[in-house]
Amino acid sequence: MALSLCGCELFARKTAYEIYSEAVNTMNEAGGFEADCKISVAMSVTSVDMSIDFNMNMQMNGENAKIYIDYVDDTEMVTSLFDGYTYLEIGDEIKFKVKNEDDEFMADEGILPTLTEEMLEEVELVENEDGSTSFTVEISYEDAESLLNLTEEGMEVVPDSIMLSMTFDENDVIKSMKLEFDVTMEEEGVAYTGTESVECEFINVGTAPEIKLNYSEDEYIDLSGLSDDILNDLA
């Protein structure tokens with residue numbers, strides 16, 4: 001009987017890919033998510049070290065989204081995509097029509113990176129003391145570039161330095177995600193090197209948050225007539 005029970009338990013144990021896939025499906029079926037994230041950046045330039053930490057709340061529901069960014073000096077910026085408009089709260093309240101794919105992708109993309117079964121084939125689940133389950137996987141530069149959208153103009157992720165961790169509760173519902181990687185960046189001939197980490201705690205997984213504007217529509221100044229270059233700089 002003991003052997004039989006052990007056999008059933010081993011047979012029922014999920015793989016890293018199965019538990020990850022369930023998390024992705026849950027968010028897709030909900031049509032959105034909410035997460036509190038902490039971003040930490042430590043950089044070095046000409047032997048001078050500097051660092052910055054800031055908090056971000058992300059809310060997405062279908063084509064609508066809202067992102068709060070709270071910087072270290074208590075400066076808050078709020079960006080919302082709502083009914084085809086981009087709304088910015090940066091001291092003044094402004095809005096303009098969504099005109100490019102960069103704005104649209106913010107609400108279309110999920111927060112979880114796309115991982116294949118092959119990428120997680122050799123990854124083992126770890127049972128934690130609090131009953132949660134977690135796994136950590138190293139992601140290649142090529143996969144990170146195409147799947148995580150980490151690169152920007154003038155910035156690249158250093159190969160072989162990207163670690164992704166996910167933690168799930170006792171019911172296999174995703175609790176948190178952490179991404180750590182090394183970066184190099186060059187601006188006006190000056191090279192920056194450092195590390196960056198993004199830690200996200202998920203809220204009410206399986207339920208898409210209701211996206212609301214912080215002010216009434218008529219309190220936002222409509223700048224839709226400005227050029228795309230100016231609007232992109234504001235966003």
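The largest nonpolar core of this predicted model comprises 42 residues, and those with the most contacts inside it are I111, L112, F135 and M166. A nonpolar core is here a set of buried Ala, Val, Leu, Ile, Met, Phe, Trp, Tyr and Cys residues joined through side-chain atoms within 4.5 Å; buried denotes under 20% relative accessible area, exposed over 50%, and partly exposed the range in between (1.4 Å probe, protein chains only). Two or more residues of this core are given by each of helix 2 (16-30), strand 1 (32-45), strand 2 (48-61), strand 3 (64-70), strand 8 (133-139), strand 10 (162-168), strand 11 (174-187) and strand 12 (190-203). Strand 1 supplies the largest share, seven residues. Helices (H or I, at least four residues) and strands (E, at least two) are DSSP runs, numbered from the N terminus.

Not counting residues up to four places away in sequence, F135 touches A16, I19, Y20, L120, V123, E124, L125, L164, S165, M166 and F168, where contact means heavy atoms within 4.5 Å. In soluble globular proteins, nonpolar side chains tend to be buried together.

Residues are numbered from 1 along each chain as its sequence is written. The model being predicted, local features need pLDDT of at least 70 and side-chain atom pairs count only at pLDDT 80 or more, while totals for chains, interfaces and linings use all residues, and side-chain values use heavy atoms, with hydrogens and water left out.

Charged pairs were considered next. Five salt bridges are found in a search of the whole structure, a salt bridge being a side-chain nitrogen of Lys or Arg within 4 Å of a carboxyl oxygen of Asp or Glu. One of them joins E22 to K14, with the closest N and O atoms 3.0 Å apart. E22 is partly exposed at 33% relative accessible area, and K14 is likewise partly exposed at 29%. K14 also meets D172 in a salt bridge (2.8 Å, N to O). Because D172 lies in the loop between strand 10 and strand 11 and K14 in the loop between helix 1 (2-12) and helix 2, this pair ties together parts that are 158 residues apart in sequence.
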